[in-house]
Amino acid sequence: MKEKSSGMILKLIAAAVFIGGIGGGGFLAYSGVSGDTENWQQFAIGLCIVICSVFVVACIVPWIAHLDGRADWEAEEGKTTVLTSIKTGLLFSFLAALLIFIFIGIVFWLSRGIWQLGAAAAAALFVLIVTAIEMSIRFQTRHSRKVLKSKNAEERIGKITSVRGQFPILFFGRKNFFVKVYVVETDGAKSEAFLRASNKLAKRLCTGAEVKVKINPEHPRYCAICQAALSEDI
């Protein structure tokens, strides 16, 4: 009952910050440059309020999921902590700042002819795309990377029973994948291993290949491939 009450309070706080901070800050920033007399200080303050509000909301959301019992990731990735929530807040604040800068750069380029801001916005968009792809790859391969770092992981010999691509992108009409998922059978049990498609080992592995893996007996759903053919190190 206490957790439900705490979760409701956090939801109300998040809603208030979202409406008051993001909505109010955005309106303040817009008012600073949309009138006859431009107020750049007001514009900057409004943007700061928006970014700080994004940080607060992003910090609160993991705790809401935790208190509501909907944080499925906690079973394998650990409980939500103050540090993890702050990391989430900083990450989304960075992404929000990039998006705001891109929007402002494009608007000022089109409406005021400031091409330098337009070029900077294009560069920021490229950084945002690259960052998003890297974050997604790391997120999707996190289970195998965690197994590699686990002190409880054991080395076993297994065989790849299937391979599939994950996180696709179309390039010149051809579908390419950033992540490869391998189903590995060890001692009659099957686990999933994740590798970047650009990894030199990932390019060699195929169905039927014998591999050495690390697996945590407490969480056998995922494993990490650490060697192929028992003689080729990563």
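Glu154 and Arg156 meet through their side chains in a salt bridge, 3.2 Å from N to O. By salt bridge I mean a side-chain nitrogen of Lys or Arg within 4 Å of a carboxyl oxygen of Asp or Glu. Glu154 is partly exposed, at 38% relative accessible area. Arg156 is partly exposed too, at 25%. The cut-offs: buried is under 20% relative accessible area, exposed is over 50%, and partly exposed is in between, with a 1.4 Å probe and protein chains only.

A word on the source. This is a predicted model, where local features need pLDDT of at least 70 and side-chain atom pairs count only at pLDDT 80 or more, while totals for chains, interfaces and linings use all residues. Residues are numbered from 1 along each chain as its sequence is written, and side-chain values use heavy atoms, leaving out hydrogens and water.

Back to the charges. How many salt bridges does the structure hold? Four. Another one joins Lys212 to Glu155, with the closest N and O atoms 4.0 Å apart. Lys212 sits in strand β4 (residues 210–215) and Glu155 in strand β1, so this pair ties together parts 57 residues apart in sequence. Glu155 is exposed, at 51%. Lys212 is partly exposed, at 21%. Helices (H or I, at least four residues) and strands (E, at least two) are DSSP runs, numbered from the N terminus.

Next, Glu134 and Arg196. Their closest N and O atoms are 2.5 Å apart, in a salt bridge. Glu134 lies in helix α5 and Arg196 in strand β3, so the pair ties together parts 62 residues apart in sequence.

Now look at α5 itself. The helix has 26 residues and reaches 37 Å from first C-alpha to last. That is close to the 38 Å expected at 1.5 Å a residue, where the span is 1.5 Å times one less than the number of residues. Its buried residues include Gly118, Ala121 and Leu128. Among the elements covering the buried residues are α4 (82–112), α6 (142–149) and β3.

Last stop, Ser191. Where is Ser191 placed? In strand β3, residues 189–196. Is Ser191 buried or exposed? Buried, at 3% relative accessibility. Its side chain reaches the backbone oxygen of Pro220 at 2.5 Å. Leaving aside neighbours within four places in sequence, Ser191 is in contact (heavy atoms within 4.5 Å) with residues including Tyr182, Ile215 and Cys223.

Key: A polar contact is a pair of N or O atoms within 3.5 Å; within protein, one must be able to donate a hydrogen and the other to accept it, and residues adjacent in sequence count only if both atoms are side-chain atoms.
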